Structure formats: C-alpha cells, structure tokens
Amino acid sequence: MNLKKITAIALGAVMAVSMAVPTFAADDVETVTDGKLTVATSPDFAPYEFYSIDDDGNPTLAGFDMDLAKYIADKMGLELEVVPMDFDGVLSELAQKNVDLGMAGLSPDPAREDAMEFSDLYYQGGQSFVTVKDKADQFKSLEDANNKDYSIGAQTGSIQLDLANENTPDADIVSLPKVTDLITELLTGKMDGAFIETAVAESYQKNYPDLVIVCDVPYDAVGSAIGVSKGNDALLKAVNAAIADALDDGSMDKFIADATELAAGQTYEGTLDDNGAVPETDDTAEDAE
C-alpha cells in the first residue's frame, strides 16, 4: 500500500490549537516511529474526518477525530503523523501494527478485539438507515428494507455492513469502500437505502437535503473508540488518559462543534491524489442550503 502521510503541520490550519501539557513523556510509550504518533484514518466520514476546502480550493484534513488525535499527541509530547486510507485499510494497518492508532469513527466491536485494543469511548453516537425523499415512504420501518427488490448499501469492513447483513439479509446488500460512494449511489437512484453512522448521516444530510434519515438502527455498542496497536498497554493507558482530559476540560465538545461547522461547508471526502490534491474526477460537496 502506498501510504500518503500528512504531518501535524498540515492539519494545523483547521484544528483547534491544543495547549495540552504533556502528560506522558515520549519515552514512556513505544510507538511505530520514535518521537511520532502515527494515526491511520479514513477521511470520508464527516464530521469525524474529512477534507475542508478553502476558498482557493486547497484541501486540509479536518474533523473531530483529527483534533482529538492532535490533542493526544500533544499530551504525549509526540509529533502527530496521519496516514489517510480507505476504512478497511485502517483496520488492516492497525492489525499489522504498521500504525499506532486507528481513528475513523470506530465502534468497539468484539469481533475486532483480536486485531486491536479499544480505548474508552470518546463520543456517544448511533446508527441510522438512510434513503432519499422520493423513497422515504417505502420505508416506514427498518423491516421494510428487508426486501429482495431493494439494493441496500454499507461501507466495506464497517459495523454498518454487519448491521445490513443482520437487519436486511433478504436485500441485495452492496458494500462500497467509501461513504461518499454510498451517498452517490443513493442520490443517483442506483441504491435504495444505506446503513450509516448517525452523526455522519446528519452531516451528509446538511450538504444533501434530499437525503432522509428514516430510523435508528439498534446496536448494543453505541459510541466510538480509538483502535490501539495490540499489546501496547502503555499507549492504551496514555490514550485513555488523554481522552478523559479532553472530555473533562471541554476540548472534545469544542472539537465536535468546530468539525460540525466545517463539515457544513465546502468539503471533499476520500483520499487525495499523488500530488496531494482533490482528484479531478471527484466532486466536492456543495455548501449547505
């Protein structure tokens, strides 16, 4: 995999400046690269992680996961290095211990515990079933989507794909690598519905008013955690301490508010091209109406 690395300097333009005093000395925790905290993310999951586009068309990695990553790195006295990739790549790279953390709106699914450790929850969220306005009347409940005539989508490797298989086994279930792919398929009528994390669905709904959140999807593990390299107990302890501080001092609330505001503007969700630019074949989201 050709991993494109973005340093903390590139993140600074849209992130809240962290005044965190290091809690753990850098030499207290072993990381993939000495002096750095390497974080894998999938930047197609606003407001967790995405690219904010400025007036000149320049993309900058943003989102409350990215703000929290910077906060954690600062607490540990480490330089932050972010590696953007598709979601299933985040899981793979973390399982292979090529990165220290995976931050991509991860649900602490017990099925993933052999591949990674999970931090404490830092965000309480939920799961939703989404469609478009013209089809909303077809789905009075989640059970209505369990129909062989419907094409139902979810992101590859995600909890949402598990939920699709669990709740709509009779439907034609389609897994796609990016949430943006799901949104495109929904808006163009190629897909009838999709399972999407609630905060992400709400973010897309602001930019695409034709989207409709039909109902909540039952799921026991409500909330998001950070994936930590397996067996690195010192790192897990440091991450949990930083999460607790971010929740206690109000930083997390600010990160969420800032990311939500940015996600309502001009954005791009997905990986950049080899020149670090938005691919010409992809469209950025229009400003919210």
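**Close-up views of a predicted model**

**View 1. Strand 8 and the orientation of its side chains.** In strand 8, the residues Q127, F129 and T131 point one way while S128, V130 and V132 point the other way, and all of them are buried. The structure shown here and in the following views is a predicted model. For the chain as a whole, buried residues make up 53% of the 289 residues, and the secondary structure comes to eight helices and 14 strands.

View 2. Five strands are arranged as an open sheet in the order 10-9-11-8-12, with mixed pairing. Helix 6 (residues 198-207), in turn, lies across strand 8, strand 11 and strand 12 and runs at about 115° to strand 11.

**View 3. The two partners of strand 8.** Strand 8 is joined by four bridges to strand 11 (residues 193-197), and the two run antiparallel. Along this pairing, Q127 stands opposite E197 in strand 11, and V130 stands opposite A194 in strand 11. With strand 12 (residues 211-217), strand 8 pairs over six bridges, again in the antiparallel sense, and here T131 is found opposite V212 in strand 12.

**View 4. Aromatic pairs, with F139 and Y150 as an example.** The count for the model comes to nine aromatic pairs, taking rings of Phe, Tyr and Trp whose centres lie within 6.5 Å. For F139 and Y150, the ring centres are 4.9 Å apart and the planes stand at 55°, so this pair is classed as tilted. F139 and Y150 each lie in the loop between strand 8 (127-132) and strand 9 (151-155), so the pair ties together parts that are 11 residues apart in sequence. F139 counts as buried because its relative accessibility is 2%, and Y150, with a relative accessible area of 15%, is buried as well. Elsewhere in the listing of ring pairs, F45, Y48, F64 and Y123 are linked into a cluster.

View 5. Three strands form an open sheet in the order 4-3-14, and their pairing is antiparallel. Its edge strands are strand 4 (59-62) and strand 14 (267-268), each of which pairs on one side only. Strand 3 (residues 50-53) and strand 14 are paired over two bridges in the antiparallel sense, with S52 standing opposite T267 in strand 14. Helix 8 lies across strand 3, strand 4 and strand 14, and runs at about 60° to strand 3.

**View 6. Helix 2 against helix 8.** The axes of helix 2 (residues 64-76) and helix 8 (residues 251-263) come within 8 Å and cross at roughly 145°, and the crossing is right-handed. On the side of helix 2 the contact is made by F64, D67, L68 and Y71, and on the side of helix 8 by S251, M252, F255, I256 and A259. These contact residues divide into seven nonpolar, one polar and one charged. F64 of this contact also belongs to the ring cluster with F45, Y48 and Y123.

**View 7. Helix 2 against helix 7.** Helix 2 and helix 7 (residues 233-248) have axes that come within 9 Å and cross at roughly 115°, and helix 2 passes helix 7 in a right-handed crossing. Helix 2 contributes L68, Y71, I72, K75 and M76 to this contact, whereas helix 7 contributes L235, A238, V239, A242, D245 and A246. By class, the contact of helix 2 with helix 7 holds nine nonpolar, no polar and two charged residues. For the chain overall, residues 24 or more positions apart account for 75% of the contacts with a separation of 6 or more.

Technical notes:
Residues numbered from 1 in each chain as written. Predicted model: local features only at pLDDT ≥ 70, side-chain atom pairs only at ≥ 80, totals over all residues. Heavy atoms only, no water. Axes fitted to C-alpha atoms, helices over the stretch in contact; angles between N-to-C directions. Left-handed = near helix turned anticlockwise from the far one by under 90°. Contact = heavy atoms within 4.5 Å. Nonpolar A, V, L, I, M, F, W, Y, C, P; charged D, E, K, R; others polar. Phe/Tyr/Trp six-rings, centres within 6.5 Å; stacked < 30°, edge-to-face > 60°. Buried < 20%, exposed > 50% of the residue type's maximum accessible area, 1.4 Å probe, protein only. Pairing = 2+ DSSP bridges.
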